[in-house]
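This briefing goes through one protein model, topic by topic. Please keep the sequence and the 3D view open while reading.

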Amino acid sequence: MLQLVLAVLVGYFVIAAVVMAAFTLAYVVLGTEASFRPGSFEPSATWIGLSLVVGLIAALLGGLACARLDRQGKAPNVLSGLVLVLGLGLAAYHMATPAPAPAPRTGDIPVFEAARLARQPAWVEWVNPLVGAVGVWLGAAAVKRRREGGSA
């Protein structure tokens, strides 16, 4: 049981660390103007596409880490379910209690303020947990295939 909990926690930490590092780097590289639509805190199409790719890669790596630590194969299912439930719950919360619209964006915004003020389209909030859950599953499946092939 302890191994399952540890594997889930490590997998979740990997996902969070990859997402935070990748988004911080992407924001520094892209800058404010390429990250947002003009004059607003709505993410640009470039940012949305990048966020889906980053989310998938982070989830794959989290699933890999989780599966490597759990020999019974249950932890990746728990992690995948956790990613899905937490993500859908957060999306539902944001739909039920929308944040007030920030003032129009002017000039460059520091990375943490940009993250706080960004307003994802609703469809992105609903798709991200699905991408994450599938990514965890795919990462774990790669470990399982490798173990079954005898090369793990």
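Thr32 touches Tyr27, Arg105, Gly107, Asp108 and Ile109, with residues up to four places away in sequence left out of the count. The model is a predicted one.

**Thr32**

- Thr32 sits in helix H1, which covers residues 2–35.
- Thr32 has a relative accessible area of 4%, so it counts as buried, the cut-off being under 20%.
- The side chain of Thr32 makes a polar contact of 2.8 Å with the side chain of Tyr27.
- Tyr27 is also one of the residues in the contact list of Thr32.

**Nonpolar cores**

- In soluble globular proteins, nonpolar side chains tend to be buried together.
- The largest nonpolar core here has 11 residues: Leu4, Ala7, Val8, Ile15, Ala58, Ala59, Cys66, Ala75, Leu79, Val83 and Val136.
- Two or more residues of this core come from each of H1, helix H2 (45–69) and helix H3 (75–96).
- H1 gives the most to this core, namely 4 residues.
- Ala58, a member of this core, touches Ile15, Val18 and Val19 when residues up to four places away in sequence are not counted.
- A second, separate core has 8 residues, among them Phe41, Trp47, Ile109 and Leu117.
- Ile109 of this second core is also a contact of Thr32.

**How H1 meets H3**

- Two packed helices are described by the angle between their axes and the distance between the axes.
- What are these two values for H1 and H3? The axes of H1 and H3 come within 9 Å and cross at roughly 50°.
- The crossing of the two helices, H1 and H3, is right-handed.
- On the H1 side, the residues that meet H3 are Leu4, Ala7, Val8, Gly11, Tyr12 and Ile15.
- On the H3 side, the residues that meet H1 are Ala75, Val78, Leu79, Leu82, Val83 and Leu86.
- Several residues at this meeting place, including Leu4 and Ala7 in H1 and Leu79 and Val83 in H3, belong to the largest nonpolar core.

- Ser80 lies in helix H3.
- Is Ser80 buried or exposed? Its relative accessible area is 13%, so Ser80 is buried.
- Apart from neighbours within four places in sequence, Ser80 is in contact with Ala133 and Val136.
- Val136 is also listed in the largest nonpolar core.
- Asn128 is placed in helix H5, residues 122–148.
- Asn128 has a relative accessibility of 29%, so it counts as partly exposed.
- Asn128 and Arg37 are 91 residues apart along the chain, and their C-alpha atoms are separated by 20 Å.

**The whole protein**

- The protein has 5 helices and 0 strands.
- From the N terminus on, its elements run α-α-α-α-α.
- Along the principal axes, the C-alpha atoms fill a box of roughly 55 × 35 × 20 Å.
- Of the 152 residues in the protein, 32% are buried.
- Among contacts between residues at least 6 apart in sequence, 81% join residues at least 24 apart.

Technical notes: Residues numbered from 1 in each chain as written. Predicted model: local features only at pLDDT ≥ 70, side-chain atom pairs only at ≥ 80, totals over all residues. Heavy atoms only, no water. Buried < 20%, exposed > 50% of the residue type's maximum accessible area, 1.4 Å probe, protein only. Polar contact = N/O pair within 3.5 Å; in protein donor to acceptor, adjacent residues only side chain to side chain. Contact = heavy atoms within 4.5 Å. Core = buried A, V, L, I, M, F, W, Y, C linked by side-chain atoms within 4.5 Å. Axes fitted to C-alpha atoms, helices over the stretch in contact; angles between N-to-C directions. Left-handed = near helix turned anticlockwise from the far one by under 90°.
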